[in-house]
Amino acid sequence: MDFKRIVKKLKNNSFVTNTGWLVFDKIFHMLLSLAVTSVTARYLGTEGYGLLKFGLAFINIFTIISKLGIDSILVSELVRDREKTGELVGTTIVLRLLSGLCSIVLTGLFTVVLRPGETVVLFITVVQSISLLFIAFDTVDYYFQSVLKSKYTAVSRSIAYPFVCILRIIFIVMKSDVRYFAWATVLDALLISLVMLFFYFKSEKQSLSFSVSTAKYLLKNSYPFIWANLLVTIYTQMDQIMVSTISGDASGGIYSAAMTIANLWVFVPNAMIDSARPIIMELKAKGNDALYQLRYKQLYAGIIWISIAAGIFFTVFPGIVVRIIYGQSYMDSVPVLMILIWSRLFSLIGTARNIWMICEEQVKYVKWFIGLGAGLNVVLNLLLIPSLGAIGAAVATLITELVSSWLIMAVSKKTRSLFRLIMEAFILKGVFTGKSE
């Protein structure tokens, strides 16, 4: 076997190279995050850590609002019309800056309503919400995805995050109050946006511009994803908010620790999805349906079996992982982790589903699927959290993801073909040969 030839072929494969950069970015980020998060969580304790994560849960919800659901549409448009790159990216940034400003105000209002009189909670949440303005410039990342040059995103984050980690360590050494840690979120978003803009102007000749007609087009075609992304974020972040509100910030800290560990590995399948998206969309646009179906099935097979492997590992060794990362005081998160880890499988199935929805022009169904999930999650949380605490929230998340990301596709006639494709990917039918029989 000619290994040099294989290595050369892999280096020239844009999907492999792009995915490699994304995985490097996440591994580097994960290693730093594990070290610093471990020290931070131990320093703040379950209550302080839960308080910080309560604010971040709100930021995650309003990040989706400020993104306006344009992400997938933007990649598709950038692939389809390279000549409008500057206009598409520039218009999206302006729209997200405006929505970011509105989101900051809404973040403060919702915090006051849910946690009245708690000035520390309000301060932490509002400070963290400032990062929503800088997140608008993450739009550049989707340009890099569309041209399979995610190395620039990886380098940007690799430059910015160490500074954030150093700042958190300084706060710990100085024995700072939990409120200081909120500023680290803002610094992270600011530095990443500055470096990514630098790489954009260095690699792309088209200058950024704004177009009213392009703004209308993007908003018109992305509105189903605005609601879908908002609803899915609500039911993924609502657990954190409801656990902290109903059972207290200590329970919120336990739940957050388990969710953080459950998400440690998802950078690999997410990198695969980000790299495969423009390739699959381009195959569909060119009318190559056979290869389009094969690549999509291969993507699903990859993320499903990686998820199963991760699920088995964290189910067998949850206590060891929790003890190493967070310490003995967070051991109550072990049963929560054993439940949440399996919800990630169905969550990733739902993430990859958006590619099919766009390619097959079925985006109108997304809001109904996710709407069901959001409603189901809130009801289950209200029923389970009062008696089971963080474990109840984990059960609610697993059931919600199972129903809204996977089972619901078997119910609708329009999406049953996708349900069958996912099942074939699970049993590896036609994944390696390219044949369905």
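Student: Which residues make the nonpolar surface patch of about 550 Å²?

Tutor: Patches join nonpolar side chains (Val, Leu, Ile, Met, Phe, Trp, Tyr) within 5 Å, using residues with over 30% relative accessible area and no salt bridge, a salt bridge being a side-chain nitrogen of Lys or Arg within 4 Å of a carboxyl oxygen of Asp or Glu. Areas are Shrake-Rupley with a 1.4 Å probe. Here the patch takes in Val-39, Ile-166, Ile-169, Ile-170, Val-173 and Met-174. Keep in mind that this is a predicted model, where local features need pLDDT of at least 70, side-chain atom pairs count only at pLDDT 80 or more, and totals for chains, interfaces and linings use all residues. Residues are numbered from 1 along each chain as its sequence is written, and side-chain values use heavy atoms, with hydrogens and water left out.

Student: Which helix gives the largest share of the nonpolar patch?

Tutor: Helices are DSSP runs of H or I, at least four residues, numbered from the N terminus. Helix α8 (residues 151-173) supplies four residues, the largest share.

Student: Is Val-173 buried or exposed?

Tutor: Buried means under 20% relative accessible area, exposed over 50%, partly exposed in between. Val-173, which lies in α8, is exposed at 64%.

Note on methods. Patches are made of residues with over 30% relative accessible area and no salt bridge: like charges are joined within 9 Å, nonpolar side chains (Val, Leu, Ile, Met, Phe, Trp, Tyr) within 5 Å. Helices (H or I, at least four residues) and strands (E, at least two) are DSSP runs, numbered from the N terminus. Buried means under 20% relative accessible area, exposed over 50%, partly exposed in between (1.4 Å probe, protein chains only).
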